[in-house]
Amino acid sequence: MSPRPARLGSGVVALACAGLTLGALSSTATATSSLAPAADPVADCAEPFPVSEVAKGDLVDGLTVVSGTTPVAFTGEVLGILNDGIAADIDMIMIDLDMDAFDETGGVWQGMSGSPVYAADGRLIGAVAYGLSWGPSKIAGITPFEHMDDYFTADPETRSTELSKAQARLVADRAGVTTRQAEQGFRELPVPYGVAGVSARRLEQARSRGPEYLEKNTYVLGRAGAEAAGPETIVAGGNVAGSAAYGDIVFAGVGTATSVCNGEVVGFGHPLFMLGETTEGLHPADAIYVQPDSLGSPFKVANIGPVVGTITQDRLTGITGTFGPAPSAATITSTVTRGTTSRTGVTEVTVPDALPDATFYALLTNNDRVLGANPDGTALQSWSVSGDDNGRPFELAFTDRYTGGDLVWDPIFQLADLVWGMRDMRGVTIDAVTADNTVTDSTATHGFGIVEQKAKGSWTRVTPKAPARIKAGRTLKLRLTVNGSAGKRTLRIPGFAIPEEATGRARLAIRGGNAFYSYFYGRTVASLEKQIAEAVRHDQVKVELTGRTIGSEDSASEAAGRGANRRPGAEEAPSSFELERVLGPLAAVVDGRKRIPVRITK
């Protein structure tokens with residue numbers, strides 16, 4: 001996956017540049033809604049060791065977690081300094097590391113990012129943050145600690161650094177690789193995009209069937225209870241995690257803390273989402289093991305604990321988090337009911353760019369938890385999206401019915417797509433997304449039967465060969481029969497007042513709501529409100545009457561025949577008219593369409 005930073009939900013998710021292994025959060029609401037930590041982490045308040053004092057051949061030692069929460073030691077030797085290797089005026093320190101775990105992993109791993117590296121006098125040189133681009137190796141790139149709390153807002157095009165011929169030969173000799181491989185240089189330890197709360201099967205289906213904005217390079221994460229790790233485990237060399245969403249659905253990255261001081265933690269040595277000032281969740285984590293990978297960087301498999309604070313800065317050289325209350329979040333609430341089984345899932349989203357992905361997966365996983373499959377039947381889903389539109393509170397709401405074999409997927413797209421479309425609206429924030437989905441086993445639907453016209457006190461069937469007839473200026477009265485497996489029912493169509501200028505042929509088009517796709521897109525909240533107000537549900541019927549008036553091309557000959565009756569200089573009437581009615585909602589989805597000719601006379 002590309003190490004370039006990107007936005008969540010934009011096709012390439014920002015976790016791609018995190019250089020971290022992802023973990024999961026507790027599924028319980030109490031575990032995810034944390035207040036101040038129960039125990040303060042041990043502070044080290046390390047003193048930075050200036051890069052100017054680092055010399056080739058210096059021996060170093062460091063701390064990281066292989067499994068559990070307790071840091072273990074590693075050693076290393078400085079190979080040299082890569083000038084401006086991270087960014088302008090930020091050098092990268094190349095170090096050959098050594099520890100027993102490398103015998104299995106082959107070298108540094110994803111999740112080791114942030115591991116502190118100390119000089120002989122105990123001062124902190126920096127954090128492990130980069131590995132060789134070609135694959136696993138013991139050679140690591142170190143972000144200097146003296147820059148980790150002095151963030152730059154520059155956003156380079158890549159997170160990779162090439163080596164000179166001389167540097168490549170040195171690295172190749174120590175790493176046991178070819179010079180050509182070493183010349184590829186360093187890059188942030190890459191990581192696939194992890195999602196907790198979704199099964200492997202569903203995640204694979206989402207890659208192929210889901211909307212384009214979903215990140216496709218994803219994998220399934222596990223979950224842990226609140227007891228997995230506490231805030232006291234976030235120490236120098238210990239695990240630390242940051243999240244964009246947590247609860248039913250978790251998007252998070254697990255790395256290593258570099259230093260803890262005065263209620264804050266610094267870690268990673270490179271960005272998580274590259275958001276600058278931010279409100280990501282801060283979590284402890286419990287490492288299970290390090291998974292070797294012969295083709296890429298090994299990665300740490302870990303569970304993360306409840307949120308214990310806020311990551312306030314996410315920039316070029318690392319993250320800074322503050323211990324304390326959880327960050328403010330948009331809340332996604334999904335309730336699914338089938339018979340006597342009902343479940344409500346809650347996901348808190350602290351990074352707005354993650355809202356579309358989190359909405360899609362939150363609805364998907366809760367449907368799966370209750371339905372257990374993709375059954376035939378009917379789903380009636382009501383949803384709402386509330387927030388603030390440049391100082392004006394708003395709430396968008398809609399209800400729709402779905403019948404068929406896609407009860408899991410169909411109700412999801414409408415709401416997730418709406419949230420995706422609203423993400424970039426200037427001055428608009430979303431506070432809450434709710435969905436209430438009730439599923440039954442019924443597969444009954446309505447189709448169309450006959451259409452009748454009321455004339456002279458009685459109802460007469462109309463057909464293509466026996467069209468409805470009405471005089472201009474009068475009211476056309478019709479009724480429609482729906483039938484099908486959902487039963488037979490007669491619907492009265494509110495009368496159509498025919499314009500005085502109407503003449504000639506008109507057409508009555510009747511369509512079931514299941515022929516319409518109520519996916520809402522717009523540039524403003526106001527435009528969405530209008531679309532939703534005019535939307536046709538799948539269990540409704542739309543009836544449209546369209547025709548011509550005297551000024552139209554089709555009625556020109558008829559108008560010419562009455563030309564003597566027109567006043568000189570009189571303006572022609574509009575060329576056409578369109579009238580519509582929406583019937584329902586009914587108790588079942590309505591399929592099909594029907595067309596009926598109408599003759600308008602004077």
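The largest nonpolar core here takes in 65 residues, and the ones with the most contacts inside it are Phe360, Tyr361, Trp383, Val385 and Met422. Helix 6, residues 355-371, gives the most to this core, putting in nine residues. A second, separate core has 28 residues, among them Leu476, Leu480, Leu491 and Ala506. Keep in mind that this is a predicted model.

**Around Trp383 and Val451**

- Trp383 is one of the residues with the most contacts inside the largest core. Leaving aside neighbours within four places in sequence, Trp383 is in contact with Leu396, Ala397, Phe398, Gln414, Leu415, Leu418, Thr434, Ala435, Phe520 and Ile532.
- Val451 sits in strand 25, which runs over residues 445-455. With a relative accessible area of 0%, Val451 is buried.
- Once neighbours within four places in sequence are set aside, the contacts of Val451 are Thr460, Arg461, Val462, Leu478, Arg479, Leu480, Leu508, Ile510, Lys594 and Ile596.
- Val451 and Thr481 are 30 residues apart in sequence, yet their C-alpha atoms are 6.5 Å apart in space.

**Aromatic pairs**

- Searching the whole structure turns up eight aromatic pairs. Take Phe251 and Tyr361: their ring centres are 6.5 Å apart and their planes are at 80°, so this pair is edge-to-face.
- That pair links distant parts of the chain, with Phe251 in strand 13 (residues 251-261) and Tyr361 in helix 6, 110 residues apart. Phe251 counts as buried at 0% relative accessibility, and Tyr361 is buried too, with a relative accessible area of 1%.
- Phe398 and Phe520 also make an edge-to-face pair, because their ring centres are 5.4 Å apart and their planes are at 80°.
- Here again distant parts of the chain are linked: Phe398 is in strand 23 (residues 392-404), while Phe520 is in the loop between strand 30 (502-512) and helix 8 (525-534), 122 residues apart. Phe398 is buried, at a relative accessible area of 9%, and Phe520 counts as buried at 3%.
- Phe251 and Tyr361 also belong to one aromatic cluster, along with Phe360, Trp409 and Phe413.

**A buried charge**

- Glu280 lies in strand 15, residues 276-283. This residue is buried but has no salt bridge, and the nearest side chain of opposite charge, that of Arg315, is 10 Å away.
- What does Glu280 touch, not counting residues up to four places away in sequence? The list is Ser243, Leu272, Phe273, Leu275, Gly309, Thr310, Ile311, Asp314, Pro327, Thr350 and Val351.

**Helices 7 and 8**

- Helix 7 (residues 410-422) is mostly covered, with 10 of its 13 residues buried. Those buried residues are Pro411, Ile412, Phe413, Gln414, Leu415, Ala416, Asp417, Leu418, Val419 and Met422.
- In helix 8, the buried residues are Val525, Leu528 and Ile532. Looking down the helix 8 axis, they fall within an arc of 55°, so they line one face of the helix.

Definitions and conventions. Residues numbered from 1 in each chain as written. Predicted model: local features only at pLDDT ≥ 70, side-chain atom pairs only at ≥ 80, totals over all residues. Heavy atoms only, no water. Core = buried A, V, L, I, M, F, W, Y, C linked by side-chain atoms within 4.5 Å. Buried < 20%, exposed > 50% of the residue type's maximum accessible area, 1.4 Å probe, protein only. Helix = DSSP H or I, 4+ residues; strand = E, 2+ residues; numbered from the N terminus. Contact = heavy atoms within 4.5 Å. Phe/Tyr/Trp six-rings, centres within 6.5 Å; stacked < 30°, edge-to-face > 60°. Lys, Arg positive; Asp, Glu negative; His and termini not counted. Salt bridge = Lys/Arg side-chain N within 4 Å of Asp/Glu carboxyl O. Arc of directions from axis to C-beta.
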